[in-house]
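These are my notebook entries on what I looked up in one structure, written down in the order in which I went through it.

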Amino acid sequence: MNRLGDETSPYLLQHADNPVHWYPWCADALDAARNDDRPILLSIGYSSCHWCHVMAHESFEDPATAEVMNERFVNIKVDREERPDIDRIYQLAHQLLNRNAGGWPLTAFLDPQTMLPFFTGTYFPRNPRYGLPGFTDLLRRVAEAFHAKREDLGSQGEQLTRVLKELEGQKRDSEADDRTLLQAAREELESQFDKVEGGFGSAPKFPMPAALDRLLKHWGHARADRSRKPDREALNMVTTTLTKMARGGIYDHIGGGFCRYATDRRWAIPHFEKMLCDNGVLLALYADVLALAPDPLFTGAVRETATWMMREMQHPEGGYFTALDADSEGQEGKFYVWRRDQVKRLLTDEEYLVVETLYGLDKPPNFEGKWNLYRRDAWAAVIERLYLEPGAANALLSSAKAKLFEARSQRIPPGKDDKVLSGWNGLAIHGMAKAGMRLGEASWVESATRAADFVRSHMVEDGRLYATWKDGAAKYPGYLDDYANVLQGLLSLLAVRWRDADLMFATFLGDELLGRFHDRESGGFFFTAHDHERLIHRPKPTADDALPPGNGVAACSLAALGHLTGEHRYLEAAEHTVGWARGFVEQHPAGHCSLLTAFEGTVYPPELVIVRGPEADLEGWLAAARVGYRPSRAVYGIPYDCTLVPNYLPRLVSADTRARVSAFFCSGLKCSTPITDFEEFKRAVG
C-alpha cells in the first residue's frame, strides 16, 4: 500500500501512484521495520531534481522492481526540502561510508533497530550502466547481506556511531586571529578562481555566492582601511564571475532567473531547475555590486529576476514558492531551448539579426540539437558590429525578447513546487528588499513585505516558526536555517522601510534562536531544536554549501539585531558562536565564508546610521547614507509614528523636534548627538 497520497509535498505526491509501498518518514514506518526486522530503503530527493525523475521512471514506476522493494524492505520517501534534518544526516553518513560527496536522489539502506545506514548510494539505473549495478540486482544483494552479515554490519554501525558522536562534541581550538583567517580565505579563493571564465573550479560550476560576497566584503574593507592596499583583484573575481553568469546560459535571458548550476566551465549549459533560494541570494549579491557603479547587464538581470519571482514564484497571499523543475514533458530543458527556424519565424529580420549575433544562433547548436541562449559577446560589441545606434539596438532586443517570451509562454511549462519554505522565503525577502532599495523599485519591497507577512501569519503557530506550508497547512517545526534566514530577511526589510511589526517578529525569532537552538555550553547553534525528534546525529553546521549555513547567518543576524535593539543577549550569542567556530574555520577558511562575515564584526566594528523624522521627509537622508558599498554600515529610517525604537536613542518628544529630521551615528550601543542639518549629514556619511 502506497501511503503518500495524503501528503502535501509535491515531491512525495509525484510518487503517490508508484507501485512501491512508500511510507513518508513517520513512526508507523519505523515501527513496521523494527517489528518485521526488515531493512529500510530510504530514498531522499526533491520535486525539481532531474535524476530523481529518471530513477522514478526507471525503477519506482516499474512493477517488477517495486515487487522486490515491497517484499524485502520498508520503503520510506523523504522530501529533502521538508526534512533537511534527515537529508543532512544521511548525506553525511554517505560521505563517511563512501568517502565521496552525496547528492540526489540519495539511496540509503538502514538497519531498522538502530536507523544507521549500512549501504548508501545516489542514483542507480534499472539495468547496469555508467559503471553502476542494476537497481533490482542491488536490492537483492543488499537484502541478502543484511540478513547474512548482521554481525559485520553491526560493527560498521558502531564505528559510524562513534564518528557521529565525535562530530557532535567536536570543538577545535585555534590561535589564529580574525585578520589572519580573513586573509587566508581570500588567498584560498584566489587559488581556486577560474581567471578565464570566472567562478571557482571547473565543471559543474556553481555560483557560490557566499564566496563572492566574502571577496566583495574583503575589497570593501580594504578600500576603507587606509593602512591597507586596495585589493582590486578581489573585486575583479566578483565582477568577472557575475558578468559571466549574467551573460551565460545559467541565466534565463527570456524570462529572468538563474538556474541552479552550469554543467560546463563556461556557464553556457545549465541544469535547468530554478530554485527560489539561489535567486534570492544572487539578487542580494548583484544589488551590492550595483552600489559600486551602474551596470546595464547587472541591472537587467536583477530587474528580470525580480519580475520572474513576482510573476511566477509568488503565492497570491504573499509567500514565495520553492522551485521550477528542470524537466517539461519528460525532457530536461525542453521549455527553454530553441530551434533556429522557430526564432526566425517569430522575429523581424532586424530583430533576428540582433538575436542571432548576440546569442550565437549562427553557431552550431549547443544543447541536443537546439540552442540554449547565452550572450556570446558583450552587448556593446554586438551593437558596434551591427553598426546600430544604442537606442535602436536596445529597442530591437527588447521587442525580440518580448516575442520570444510570448511564444515560450504557449509551451507546456516545467512543474512547479508550490510549497512555501520559510527559510527560503527569508533568503528571497533579503534579496528582494536589497534589490528594491538599490534600484528604487517599491513594488519589489512590497513583494518582500507580503512574503514576510505571509510567513508571520501562516507559518507561526503556537509560538514557533514552521518550516513548510502548502494547501493551508503549516508542517514541520522550523530548523535553524528557517529562523536565521527569516531573521536576516526581516533586518533587510527594516533597512528599507521600518515597520514595528517586522521588528517584533525579528525579536521573536532572535529569542527563539536562543531558546530552541543555542548550545549554551559550547557555543553555536544546533540545526534542530532542543525538543526535535531524536535522530542518529544532531549537527551544528558551519561550512558553506549551496546555501549559507545556519550558524553563519544566525551569528551575523543576531549581531545585527543586537546592535539595532541594544540587546546584549543577541550580541553575546553571536560572539559565543564565533568563538566556538574559530577552529573549524581555521581548517578551511574559504569553506566558511558566511561565518567569516561574523568574524569581521570584531575587526571592523559595525556602524549604524539611524534617521528619525516624519516619514515623508526621510527618503533624501536615507539615500545619502546608502550611497556606495560600505559592508560595515547599516542604515535605518524610523518614522516618528513608529513606537518600537532602539532604547539607546534619545526620546525626541517635543513638537518642534518631531517636525524635523534627526540623524544619529551609532557604534557599540552609543550614539552621536543628533544631526539636524542635511548638508552636515551628507558630509558625515560621505
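**Second largest cavity.** I began with the second largest cavity of this predicted model, which holds about 60 Å³ of space. I listed the residues that line the second largest cavity and found E7, L12, P24, W25, K77, V78, D79, E82, R83 and Y476. I then asked which strand gives the most to this lining, and I noted that strand β3 (residues 74-79) does, with three residues. Sorted by class, the lining of the second largest cavity has five nonpolar and five charged residues, and no polar ones.

**Largest cavity.** I next looked up how many cavities of 30 Å³ or more there are, and the count came to three. The largest cavity contains about 90 Å³ of space. Its lining is made of 13 residues, and those closest to the centre are Y251, D252, H253, Y336 and N372. By class, I wrote down eight nonpolar, three polar and two charged residues for the lining of the largest cavity.

**A pair of helices.** Two packed helices are described by the angle between their axes and the distance between the axes, and I looked up both for one pair. The axes of helix α9 (residues 209-224) and helix α10 (residues 232-247) come within 8 Å of each other, and they cross at roughly 145°. The crossing in which α9 passes α10 is left-handed. On the α9 side the contact is made by L212, L215, L216 and W219, while α10 brings R232, A234, L235, M237, V238, T241 and L242. I noted that nine residues of this contact are nonpolar, one is polar and one is charged.

**Cis peptide bonds.** I found that the peptide bond from W104 to P105 is cis, with omega near 0°, and that P105 sits in the loop between α5 (84-98) and β4 (106-110). A cis peptide bond also joins A203 and P204, where omega is about -10°, and P204 belongs to the loop between α8 (178-192) and α9.

**Positive phi.** E368 lies in the loop between α14 (349-359) and α15 (379-385), and E368 counts as exposed because its relative accessibility is 69%, where exposed means over 50%. D471 is not a glycine either, yet its phi is positive at about 55°, and its place is in the loop between β15 (464-470) and β16 (473-477). D471 has a relative accessibility of 60%, so D471 counts as exposed.

Terms used:
Residues are numbered from 1 along each chain as its sequence is written. This is a predicted model: local features need pLDDT of at least 70, side-chain atom pairs count only at pLDDT 80 or more; totals for chains, interfaces and linings use all residues. Side-chain values use heavy atoms; hydrogens and water are left out. Axes are lines fitted to C-alpha atoms, for helices over the stretch in contact, and angles run from 0 to 180 degrees between N-to-C directions. Helices (H or I, at least four residues) and strands (E, at least two) are DSSP runs, numbered from the N terminus. A crossing is left-handed if the near helix is turned anticlockwise from the far one by less than a right angle, and right-handed if clockwise. Contact means heavy atoms within 4.5 Å. Ala, Val, Leu, Ile, Met, Phe, Trp, Tyr, Cys and Pro count as nonpolar, Asp, Glu, Lys and Arg as charged, and the others, Gly among them, as polar. On a 1 Å grid over the protein atoms alone, a cavity is a set of points where a 1.4 Å probe fits but cannot get out, and a pocket is an open set with protein on both sides within 12 Å along at least five of seven lines; lining residues have an atom within 4 Å of a point. Grid points are joined across faces, edges and corners, and a volume is the space filled by probe spheres set on the points. Buried means under 20% relative accessible area, exposed over 50%, partly exposed in between (1.4 Å probe, protein chains only).
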